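Please read the following briefing alongside the sequence and the coordinates.

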Amino acid sequence: MKLPFNIIQLLKTKSGNMLRQPSDCEYLSLDIESKTGVRIGATTLKRLLGFAQDEREPHTSTLDGIARYLGYAHWEELSQIEDEGNSDFEAADEEVRSASLRIGAFVEMTYLPDRIVKMQYLGNQRYRVVESVNSKLQKNDEVEILNFVLHHPLLVLNVWRDGTSLGQFTAGRVSGLSSIKVL
C-alpha cells in the first residue's frame, strides 16, 4: 500500500524533509519515534512512500503511529482529511520514482544546455538508454536510477557500458532536470 499523496505531503511538511530518496526514510523513522514513541521501520516507510513496490497492507498500529505523528488521534481520523485537489498525476510532473513504473515504460528527460536522454525501464531500477543527444550517456548504456526529480540533478547510481561498470554519474549538476516525461 502506498500512502495517499496528501498524507505524503503532510509527512514532508511535518518532518521538514522532501522525502525524495529512500535514505530519507531513515530520518523519518527516527523523527516519528522521537516524537511519538512509535517505531516504524525505514523499510516499511519506503513501501508506504512508494520507493518500493509492495502491496502488503501495513499494520493498523503503523498507520495509527503515522496519524499520531501528524497530530491525529488515529488513522481513521487522518484518512478522512480531504485531498484538496492534489493527485499522484500532479506529483509525477515533479518526480518519477522507478518503483512506480511498469517494465517497458519510457522516460525522457532534458537538462541544460541542450541534453536529451530517453530510456526504457527494465525493472529493478535499471534502464537502457535508447536515445541520447549531447549527453555523456550513450545509446545502449544500462543505468541504475532510483528517481527523477524536476529541477534537481539526476543521480545515476551506476552506468554499465558494454557490460563494464563505469560507476556513478550525475546529470544536470548545475540546473537540475529541465523536464521529465513518462511515455
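Is Y127 buried or exposed? In this predicted model, Y127 is buried, with a relative accessible area of 0%, and it takes part in an aromatic pair with F148 that is edge-to-face, at 5.5 Å centre to centre and 90 degrees between the planes. That pair links distant parts of the chain, since Y127 belongs to strand β4 (residues 126-133) and F148 to strand β6 (residues 147-149), 21 residues apart.

**Aromatic rings**
- The count of aromatic pairs comes to 2, and one of them joins Y121 to Y127 in a tilted arrangement, with 4.9 Å centre to centre and 50 degrees between the planes.
- Y121 has 5% relative accessibility and therefore counts as buried, and both Y127 and F148 are buried as well.
- Y121, Y127 and F148 together make up one aromatic cluster.

**Charges over rings**
- The charged end of R126 is placed over the ring of W160, 3.7 Å from its centre.
- R97 lies over the face of F51, at 3.8 Å from the ring centre.

**Salt bridges**
- Side chains of opposite charge can pair when their charged atoms come close.
- The whole structure contains 7 salt bridges, among them the one between R97 and E95, whose closest N and O atoms are 3.1 Å apart; R97 is buried at a relative accessible area of 9%, and E95 is buried at 14%.
- R161 forms a salt bridge with D141, with the closest N and O atoms 2.7 Å apart; because R161 lies in strand β7 (residues 154-161) and D141 in the loop between β4 and β5 (142-144), the pair ties together parts that are 20 residues apart in sequence.
- Within that pair, R161 counts as partly exposed at 23% relative accessibility, whereas D141 counts as buried at 1%.

**Helix α2**
- D31 forms a salt bridge with K35, the closest N and O atoms being 2.6 Å apart; D31 and K35 are 4 residues apart in helix α2, so about one helical turn separates them.
- D31 counts as buried, at 8% relative accessibility.
- D24, also found in helix α2 (residues 24-36), is buried yet has no salt bridge, and R97, the nearest side chain of opposite charge, is 7.3 Å away.
- Apart from neighbours within four places in sequence, D24 is in contact with N17 and L19.

**Helix α1**
- The buried residues of helix α1 (residues 5-15) are F5, N6, I7, I8, L11, K12 and S15.
- After α1 comes G16, which has a positive phi, near 70 degrees.

Technical notes: Residues numbered from 1 in each chain as written. Predicted model: local features only at pLDDT ≥ 70, side-chain atom pairs only at ≥ 80, totals over all residues. Heavy atoms only, no water. Helix = DSSP H or I, 4+ residues; strand = E, 2+ residues; numbered from the N terminus. Buried < 20%, exposed > 50% of the residue type's maximum accessible area, 1.4 Å probe, protein only. Lys, Arg positive; Asp, Glu negative; His and termini not counted. Salt bridge = Lys/Arg side-chain N within 4 Å of Asp/Glu carboxyl O. Contact = heavy atoms within 4.5 Å. Phe/Tyr/Trp six-rings, centres within 6.5 Å; stacked < 30°, edge-to-face > 60°. Lys NZ or Arg CZ within 6 Å of the ring centre and 35° of its normal.
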